[in-house]
Amino acid sequence: MSQKEKILDDYIFLVSETDEKGIIKFANQDFCKMAEYSLDELLGQPHSIVRHKDMPKIAFKSLWDTVKKGEIWTGYVKNATKNGEFYWVFATVYPFVSCDGKNGYLSCRRKASKEEIESISKTYEIWLRDENK
């Protein structure tokens, strides 16, 4: 996997929707562009298709524990593109019930600042080290 970073534009806003198991049901054009996948390639895939190997498991445990309780989760995520690059986002994940009564999650992401990335990167490195002990 490349260590080349893609930087989000200041006004880009990534949106995706998943079912309760994390399977992608919708992704906006900005998300597809950053992830370097077409919408057809993303639909029906687990959202983890864009998970970067540097993301600690504890961060996603926090996310899932929070949204499964019906609460909103926010945090920083390092994602991988189809071509092996990476990009950082500040994500907000909203649990909801669709009109057909099924649970789902809406994730909205914006550009993370350089300072935010530097700070969370150090934390994630520690968490990854602890996971690999």
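User: Hi! How many salt bridges does the structure hold?

Analyst: Hello! There are nine salt bridges in it. Keep in mind that this is a predicted model.

User: Thanks. Let's take K4 then. Which residue does K4 form a salt bridge with?

Analyst: The partner of K4 is E85, and their closest N and O atoms are 3.4 Å apart. K4 sits in the segment before β1 (14-19), while E85 is in the loop between β3 and β4, so this pair ties together parts that are 81 residues apart in sequence.

User: And is K4 buried or exposed?

Analyst: K4 counts as exposed, because its relative accessibility is 51% and exposed means over 50%. E85, on the other hand, counts as buried at 14%.

User: OK, what about D54? Which side chain does the side chain of D54 meet in a salt bridge?

Analyst: That would be K78, at 2.7 Å from N to O.

User: Which residues are joined into one network with D54 and K78?

Analyst: K53 joins them: salt bridges that share partners link K53, D54 and K78 into one network.

User: Nice. While we're on K78, what is its bridge partner in β4?

Analyst: In β4, K78 has W88 as its bridge partner. The strands β3 and β4 pair in the antiparallel sense, over eight bridges.

User: Let's zoom out to the sheet. In what order do the strands come?

Analyst: Five strands make an open sheet in the order β2-β1-β5-β4-β3, with antiparallel pairing. At the edges are β2 (24-27) and β3 (73-80), each of which pairs on one side only. From one strand to the next, the twist averages 30 degrees.

User: Which strands does helix α3 touch?

Analyst: Helix α3 (residues 57-68) packs on the sheet and touches β3, β4 and β5 (103-111). The direction of α3 makes about 135 degrees with that of β3.

User: And where does α4 lie?

Analyst: α4 lies across β3, β4 and β5, and runs at about 80 degrees to β4.

User: I'm curious about V89. Where is it, and is it buried or exposed?

Analyst: V89 is in strand β4 (residues 86-97). With 0% relative accessibility, V89 counts as buried.

User: What does V89 touch, leaving out residues up to four places away in sequence?

Analyst: Its contacts are L8, L14, G75, Y76, V77, N79, R109, R110 and A112. There is also K111 to look at: V89 and K111 are 22 residues apart in sequence, and their C-alpha atoms are 5.0 Å apart in space.

User: You mentioned R110. Which side chain does it meet in a salt bridge?

Analyst: R110 meets E116, with 3.4 Å from N to O. R110 counts as partly exposed at 32% relative accessibility, and E116 also falls in the partly exposed class, at 22%.

User: Last topic, the surface. Which residues form a nonpolar patch there?

Analyst: I58, I126 and W127 form that patch, and together they have about 260 Å² of accessible area.

User: Where is I126 found, and how accessible is it?

Analyst: I126 is found in helix α4 (residues 114-131). At 43% relative accessibility, I126 counts as partly exposed.

Terms used:
Residues are numbered from 1 along each chain as its sequence is written. This is a predicted model: local features need pLDDT of at least 70, side-chain atom pairs count only at pLDDT 80 or more; totals for chains, interfaces and linings use all residues. Side-chain values use heavy atoms; hydrogens and water are left out. Patches are made of residues with over 30% relative accessible area and no salt bridge: like charges are joined within 9 Å, nonpolar side chains (Val, Leu, Ile, Met, Phe, Trp, Tyr) within 5 Å. Accessible areas come from the Shrake-Rupley method with a 1.4 Å probe; for residues, only the protein chains shown count as cover. A salt bridge is a side-chain nitrogen of Lys or Arg within 4 Å of a carboxyl oxygen of Asp or Glu. Helices (H or I, at least four residues) and strands (E, at least two) are DSSP runs, numbered from the N terminus. Buried means under 20% relative accessible area, exposed over 50%, partly exposed in between (1.4 Å probe, protein chains only). Contact means heavy atoms within 4.5 Å. Two strands pair if DSSP finds at least two bridges between them. Axes are lines fitted to C-alpha atoms, for helices over the stretch in contact, and angles run from 0 to 180 degrees between N-to-C directions.
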